[in-house]
Amino acid sequence: MDEQPEIPGVSPCISFGGYSRARLASNAVTAYVDLGRPDDVAVHAAQALDEFDSSESSWSQSLIRLDLANSMAMARNGDPAEASSLITAALRISAGNPIASVVQRSRSFVRATARWRGIPAVDDAHELVRTVARLG
């Protein structure tokens, strides 16, 4: 990336013109979730989150939170309340227009947090996911 021209802000998720640092970090987050590496997820999410939050890309804002929540759900020391809060925020950000990836990653959260059922924040997040999935 250092050899390429710097792309400011948040680049499109698919581009022949290069990727911004925030987009590259976000792509790494998604990969590290699938690899089960929560520490790397946290490091790369911190690099992208502020840039995404200041952008108009609600889907990017949602997806990075969903990835963070899924990473917490897979971690041995994951925080159920914080992970559920991220899911709730992600789904509110993209409310009314959730793309397939938002629905898919939120369903992954429900599966990954089965062991946390009975915790009110998790149960509330699961219900919100079911609602969004029905609408999506």
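**Briefing: an all-helix pattern and its salt bridges**

Arg134 is exposed, with a relative accessible area of 60%. The model behind this value is predicted. Arg134 belongs to a network of salt bridges that also links Glu127 and Arg130. The protein chain around them holds six helices and zero strands.

**Overall fold**
- Read along the sequence, the protein chain runs α-α-α-α-α-α.
- The C-alpha trace spans about 50 × 35 × 20 Å along its principal axes.
- Among contacts with a separation of 6 or more, 51% join residues 24 or more positions apart.

**Surface and charge**
- Buried residues account for 40% of the 136 residues in the protein chain.
- The accessible surface comes to about 7,800 Å². Carbon and sulfur atoms contribute 52% of that surface.
- The protein chain carries 13 positive and 16 negative side chains. The centres of these two sets lie 10 Å apart.

**Salt bridges**
- Side chains of opposite charge can pair when their charged atoms come close.
- The whole structure contains five salt bridges.
- Glu127 takes part in a salt bridge with Arg130, at 3.0 Å from N to O.
- Arg130 and Glu127 sit three residues apart in helix 6 (residues 120-135), so about one helical turn separates them.
- Glu127 also forms a salt bridge with Arg134, where the closest N and O atoms are 3.9 Å apart.
- Arg130 is partly exposed at 40% relative accessible area. Glu127 is partly exposed too, at 37%.
- Another salt bridge joins the side chains of Asp40 and Arg37, at 2.7 Å from N to O.
- Asp40 is partly exposed, with a relative accessible area of 21%. That value is just outside the buried class, because buried means under 20%.
- Arg37 is partly exposed as well, at 40% relative accessibility.

**A buried position: Asn70**
- Asn70 lies in helix 3, which covers residues 58-74.
- Asn70 has a relative accessible area of 5%, so this residue counts as buried.
- Beyond its neighbours within four places in sequence, Asn70 is in contact with Val33, Arg105, Ser108 and Phe109.

Key. Residues numbered from 1 in each chain as written. Predicted model: local features only at pLDDT ≥ 70, side-chain atom pairs only at ≥ 80, totals over all residues. Heavy atoms only, no water. Helix = DSSP H or I, 4+ residues; strand = E, 2+ residues; numbered from the N terminus. Buried < 20%, exposed > 50% of the residue type's maximum accessible area, 1.4 Å probe, protein only. Contact = heavy atoms within 4.5 Å. Salt bridge = Lys/Arg side-chain N within 4 Å of Asp/Glu carboxyl O. Areas by Shrake-Rupley, 256 points an atom, 1.4 Å probe, with all protein chains shown as cover. Lys, Arg positive; Asp, Glu negative; His and termini not counted. Charge placed at Lys NZ, Arg CZ, Asp CG, Glu CD.
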